[in-house]
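Please look at the sequence and the model first.

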Amino acid sequence: MNLKDYKNVWIFAQVQRGKLSLTAYELLTAGRKLADELGEKLCAVLLGSQVKNHAQDLIEHGADIVYVCEDPALENYMDDTYARVLADLVAQYKPNKFLIPATNMGRSLSAKTAVLVGTGLTADATDVTINPADGQLHATRPTFGGNLMATITCAKTRPEMCSLRPMAYEKAAANPGRKGEIIITKVDVKKYVSPLAQFVEFIQSKEGGIDLSEAEVIVAGGRGVGKKEGFKLLEKLAARLGGAVAASRGPVDSGWIDYRYQVGLTGRTVKPKLYIACGISGQIQHMAGMSGANVIVAINKDPDAPMMKAAHFAVEGDLYDVIPAMLDALH
């Protein structure tokens, strides 16, 4: 592998059910910084059916080139098929760096693509930088349960791949009318379809609600909630405020709430306008996942808890007294 043949920074712009994921704008922010430091172009990749309509939007948010691969067979995500298409695109265009969102789709897709390409992958990174000495990608991610941060490099193969955690970067600002290049790639998708799996149907989650990554208000509970049933009270407050429920690691480990609601280094990263922490002590691992909130309100019996000191507004008291009072006031 001649590393000098590999140029430009790529990002995977995830599209599901016709909707462009907000992670695309976050990756454009991260990718733009890398591309500018390297003096290379920033490119976005669109896979799916009827996805070309998102290309200009990506250009206006920072992409110099958008590769569009459309086919009816790509309408529904299948990781084997998508990974094989991406691997062929990589072989044809030889990108230097490749960022993929660490979403449910992206985590699977990035791993399979890296294996097919024969390169390394840093999974679930929270920060990416360029080493000015050699131009290598330095990807930083939590390790040992979030107790340490590791910086990982890939010295001998290209592209250097990384799945980047959602909400780790701000969304790229739009520049209406910005010009760029759209490249339509022609592939015979039939040759990429795996005989081992087939798409049957898409089933929408019955729980619905607001996704944590898009919630402007989050009501989160920690061990101080005390029991699984306690999250029903948090759900009432979240619903009254038009927000979503989240949790620290403790309640998840205790089985009170599902892992997908966990915020922290080993969970989700969120940046709501309002974050209400109920019975959360404020360990560094959790704080790292929500410290970007505009306003933090802490409710805790312990006035010396780290979260109480980090909050903009600290309410000392029992959450089972405070939250009902809040609900009454919001009625």
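T119 sits in the loop that connects α4 (104-117) with β7 (121-125); helices (H or I, at least four residues) and strands (E, at least two) are DSSP runs, numbered from the N terminus. The model is predicted, and local features need pLDDT of at least 70, side-chain atom pairs count only at pLDDT 80 or more, while totals for chains, interfaces and linings use all residues. Residues are numbered from 1 along each chain as its sequence is written, and side-chain values use heavy atoms, with hydrogens and water left out.

T119 has a relative accessibility of 13% and counts as buried. Buried means under 20% relative accessible area, exposed over 50%, and partly exposed in between, with a 1.4 Å probe and protein chains only. A polar atom of the T119 side chain lies 2.7 Å from the backbone oxygen of P159. Leaving out residues up to four places away in sequence, T119 touches A114, C154, T157, R158, P159 and M161, where contact means heavy atoms within 4.5 Å.

N96 is in the loop between α3 (79-93) and β6 (97-101). With the same exclusion of residues up to four places away in sequence, N96 touches Y6, K7, N8, L38, E40, R158, P159 and E160. The side chain of N96 makes polar contacts with the side chains of E40 (3.3 Å) and K97 (3.4 Å). A polar contact is a pair of N or O atoms within 3.5 Å; within protein, one must be able to donate a hydrogen and the other to accept it, and residues adjacent in sequence count only if both atoms are side-chain atoms.

| Residue | Relative accessibility |
|---|---|
| T119 | 13% |
| N96 | 7% |
| C154 | 14% |
| C278 | 0% |

**Cysteines**

How many disulfides does a search of the whole structure find? The search finds zero, a disulfide being a pair of cysteine sulfur atoms within 2.5 Å. For C154, the closest cysteine sulfur is that of C162, 11 Å away and too far for a bond.

**Nonpolar cores**

A nonpolar core is a set of buried Ala, Val, Leu, Ile, Met, Phe, Trp, Tyr and Cys residues joined through side-chain atoms within 4.5 Å. The largest one has 32 residues, and L46, L58, V66 and V128 touch the most other members. Elements that each supply at least two residues of this core include β1 (9-12), α1 (23-38), β4 (42-48) and β11 (160-164). The most comes from α1, which gives seven residues. V128 touches A30, L34, L99, L137, H138, A139, C162, L164 and Y169, not counting residues up to four places away in sequence. A second, separate core has 24 residues, among them I65, Y82, F98 and L109.

**Helix α5**

Helix α5 (residues 230-241) contains twelve residues and spans 18 Å from its first C-alpha to its last, close to the expected 16 Å; the expected span is 1.5 Å times one less than the number of residues. Its buried residues are G230, F231, L233, L234, L237 and A238. Viewed down the axis of α5, these buried residues fall within an arc of 150°, so they line one face of the helix. The arc is that of the directions from the helix axis to the C-beta atoms. On the other side of α5, K232, K236 and A239 are exposed. The buried residues of α5 are covered by elements including β13 (217-221), β14 (244-247), α6 (249-253), β15 (274-278) and α9 (319-330). Just after α5, G242 takes a positive phi of about 70°.
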